[in-house]
Amino acid sequence: AAISSSSTSTSSRRDLCSRFSISRTSFWLCARNGARVSSSPPTSAATRQSTLLAWQIYTPDPAKFGPGPYPTVLDYSGYEPATTFFDGIKGTFLNQGYAVAGVNVRGTGCSGGKFDYFEPVEWQDGYDAIEFLGTAKRPDGAPLTNGDIAMVGKSYPGITPVFVAPMQPPHLRAIVPGAFFSDSYRDVGYPGGIQNVVFTAGWSF
């Protein structure tokens, strides 16, 4: 797909912010060096349905791991990975030389759109996010990643890979799901035939 970009920078945060367009999907991305830059407000990604999703990516310390591009792990969930990564994956993977990206599913955190439990459009958004990470370039023309993307996490970010992977994004190399399920009705909504009121109510606010 054709890729175009425009960029702005905010030197006080050392951010490198760009808008990339891949086919019909546009992403606002802010690349930050995880070893030097603290968390800041998330950027936005527009899906093919033009819904804005909150987004961030951190890269490892280039003094230790070289200038990149880097293989990348993606936390894709409703737990606000656009601002705070779940279960310590940011430090774990940055310290191993991986970039770490996070995107909030639609209707959660600062993402726009309507939230519904594990709806098919969530899977499509995940496909687009992976292909963006695998093909986008920085404003200086350097690849954003090395094209090898994995989805990681447990609970919500462990469930999304199970749904996104069957769509076969070309740049998805692996999934490492934990605490996941395969049947949202049997395993979450009505385990043992009894309505899980707590789960439903918690995600309805």
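The buried residues of helix H4 (residues 156-164) are Tyr156, Pro157, Gly158, Ile159, Thr160, Pro161, Phe163 and Val164. Here, buried means under 20% relative accessible area, exposed means over 50%, and partly exposed lies in between, with a 1.4 Å probe and protein chains only. With 8 of its 9 residues buried, H4 is mostly covered. Its buried residues pack against E6, H3, E8 and E9, where contact means heavy atoms within 4.5 Å. Helices (H or I, at least four residues) and strands (E, at least two) are DSSP runs, numbered from the N terminus.

The model is predicted: local features need pLDDT of at least 70, side-chain atom pairs count only at pLDDT 80 or more, and totals for chains, interfaces and linings use all residues. Residues are numbered from 1 along each chain as its sequence is written, and side-chain values use heavy atoms, with hydrogens and water left out.

**The chain as a whole**

The protein chain contains 6 helices and 9 strands. Of its 205 residues, 44% count as buried. Among contacts between residues at least 6 apart in sequence, 60% join residues at least 24 apart.

**Helix H4 and its surroundings**

Helix H3 (residues 120-135) meets H4 through Glu122, Trp123, Gly126, Tyr127 and Ile130, which face Tyr156, Thr160, Phe163 and Val164 in H4. The axes of the two helices come within 9 Å and cross at roughly 90 degrees. Such axes are lines fitted to C-alpha atoms, for helices over the stretch in contact, and the angles run from 0 to 180 degrees between N-to-C directions. H3 and H4 are therefore roughly perpendicular to each other; angles under 35 degrees count as roughly parallel, over 145 as roughly antiparallel, 65 to 115 as roughly perpendicular and the rest as oblique.

H4 also belongs to a right-handed β-α-β unit together with E8 and E9. A crossover is right-handed if, with the strands pointing away from the viewer, the path from the first strand over the helix to the second runs clockwise. Another right-handed β-α-β unit is made by E6, helix H2 (residues 89-94) and E7.

**Pairing of the strands**

Two strands pair if DSSP finds at least two bridges between them.

| Strands | Sense | Bridges | Example of facing residues |
|---|---|---|---|
| E5 (residues 52-59) and E7 (residues 99-104) | antiparallel | 4 bridges | Ile57 opposite Ala101 |
| E6 (residues 72-77) and E7 | parallel | 6 bridges | Leu74 with Ala101 |
| E6 and E8 (residues 149-154) | parallel | 3 bridges | Val73 opposite Ala150 |
| E8 and E9 (residues 172-178) | parallel | 6 bridges | Gly153 with Pro177 |

Strand E8 has 5 of its 6 residues buried, so it is largely enclosed by the rest of the structure. Strand E7 is mostly covered as well, with 6 of its 6 residues buried. In a regular strand the side chains alternate between the two faces of the sheet. In E7, Ala99, Ala101 and Val103 point one way, while Val100, Gly102 and Asn104 point the other way, and all are buried.

**Thr72 in strand E6**

Thr72 is found in strand E6. At 1% relative accessibility, this residue counts as buried. The side chain of Thr72 reaches the backbone oxygen of Tyr70 at 3.3 Å. This is a polar contact, a pair of N or O atoms within 3.5 Å; within protein, one must be able to donate a hydrogen and the other to accept it, and residues adjacent in sequence count only if both atoms are side-chain atoms. Leaving aside neighbours within four places in sequence, Thr72 is in contact with Ile57, Ala99, Ala101, Leu133, Thr145, Asp148, Ile149 and Ala150.

**Two residues with greater accessibility values**

Ser182 lies in the loop between E9 and helix H5 (184-189). At 56% relative accessibility, Ser182 counts as exposed. The C-alpha atoms of Ser182 and Ile159 are separated by 8.2 Å, although these residues are 23 residues apart along the chain.

Pro62 has its place in helix H1 (residues 62-65). At 35% relative accessibility, Pro62 counts as partly exposed. Pro62 and Gly97 are 35 residues apart in sequence, and their C-alpha atoms are 8.9 Å apart in space.
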